[in-house]
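My entries follow the order in which I checked things.

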Amino acid sequence: MKRNIVIATVAAAALIGGGSAVAFATGGDDDSAASKSSVQLKDNDRKDQDDRDDRKDDDRDDAAENTAEAKAAKVTAADAIKAALADTSGTAVSAELDDEDGGLVWDVDILKGKTWHSVEVDPGTGKVLGSWVDKDDDGDDAADAARVNSALKGASVSAADAAKAGADKGTVTSVDLDDDGTATTWNVETTGAKGAESEYDVDLKTGKVTADRTDDDHDGQDHDDDGSDD
């Protein structure tokens with residue numbers, strides 16, 4: 001259930017180096033404007049290839065981008081959540097690394113009562129760049145809050161716990177509670193050493209990690225549909 005104001009999926013996040021300490025900023029007012037991230041993306045400017053239809057080339061570019069961004073970030077999803085909660089109390093519902101005008105930021109959604117908050121954390125320093133109340137334009141805030149509270153009732157595994165569990169499978173790029181109101185798992189996305197993306201489910205009560213085959217099934221269906229067209 002990603003409620004980020006800017007929806008831009010960018011795979012990245014890794015604790016690069018031998019466990020070096022990261023200082024977290026705990027201050028910050030709600031509704032504060034976001035500062036500029038210390039992690040700025042280089043414009044690869046992949047030189048327009050107007051007629052490039054080769055899927056292998058696309059996949060290769062995506063993998064290279066994922067790998068580069070993973071190396072650029074030094075703050076894990078779990079640490080970003082920790083920093084966000086130190087700034088804004090509540091329950092972390094999702095964390096995702098986004099591209100904000102050429103800079104990488106961890107965007108963490110926090111639910112406090114029935115109010116949603118968005119907190120941006122610098123992936124290079126762990127500093128909170130800004131936080132604000134996030135109101136849904138469709139007016140579904142209360143309904144969303146009810147679904148999340150219902151899904152998390154009795155849960156013993158937090159978003160940060162899920163991020164730590166998923167780290168055994170690769171570099172965690174995002175953590176999110178399943179959209180289904182009866183969700184029983186956290187969905188964790190990872191990036192491998194060569195940029196390959198994978199998804200895992202982390203049980204809300206046991207912390208057990210299993211591969212998420214949903215996308216595989218969907219991709220297979222798409223392939224079948226494509227193959228059936230004349």
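**Entry 1: helix α2.** I began with helix α2, residues 77-87. Its buried residues are Ala 77, Ala 78, Ala 80, Ile 81, Ala 83, Ala 84 and Asp 87. Buried means under 20% relative accessible area, found with a 1.4 Å probe and protein chains only. Helices here are DSSP runs of H or I with at least four residues, strands are runs of E with at least two, and both are numbered from the N terminus.

**Entry 2: what I am looking at.** This is a predicted model, where local features need pLDDT of at least 70, side-chain atom pairs count only at pLDDT 80 or more, and totals for chains, interfaces and linings use all residues. Residues are numbered from 1 along each chain as its sequence is written, and side-chain values use heavy atoms, leaving out hydrogens and water.

**Entry 3: the partners of α2.** Which elements do the buried residues of α2 pack against? I found β1 (91-100), β2, β3, β4, α4 (159-166) and β5 (171-177).

**Entry 4: α2 and α4.** Next I looked up the two helix axes, which are lines fitted to C-alpha atoms over the stretch in contact, with angles from 0 to 180 degrees between N-to-C directions. The axes of α2 and α4 come within 8 Å and cross at roughly 165 degrees. Therefore α2 is roughly antiparallel to α4, a label for angles over 145 degrees. On the α2 side, Ala 77, Ala 78 and Ile 81 make the contact. On the α4 side, Ala 159, Ala 160, Ala 163 and Lys 164 do. Contact means heavy atoms within 4.5 Å.

**Entry 5: strand β3.** I then turned to β3, residues 115-121. Six of its seven residues are buried, so the strand is largely enclosed by the rest of the structure.

**Entry 6: the strands beside β3.** Strands pair if DSSP finds at least two bridges between them. Seven bridges join β2 (residues 103-112) to β3, and the two run antiparallel. In this pair, Asp 109 stands opposite Ser 118. The hairpin of β2 and β3 has two residues between the strands, and Gly 113 in the turn has a positive phi of about 70 degrees. Strand β4 (residues 128-133) is joined to β3 by five bridges, also antiparallel. Here Val 121 stands opposite Val 128. This hairpin has six residues between its strands, and Gly 126 in the turn has a positive phi of about 85 degrees.

**Entry 7: the whole protein.** Last, I stepped back. The protein has five helices and eight strands. Of its 230 residues, 39% count as buried.

Definitions and conventions
Buried means under 20% relative accessible area, exposed over 50%, partly exposed in between (1.4 Å probe, protein chains only). Angles under 35 degrees count as roughly parallel, over 145 as roughly antiparallel, 65 to 115 as roughly perpendicular and the rest as oblique.
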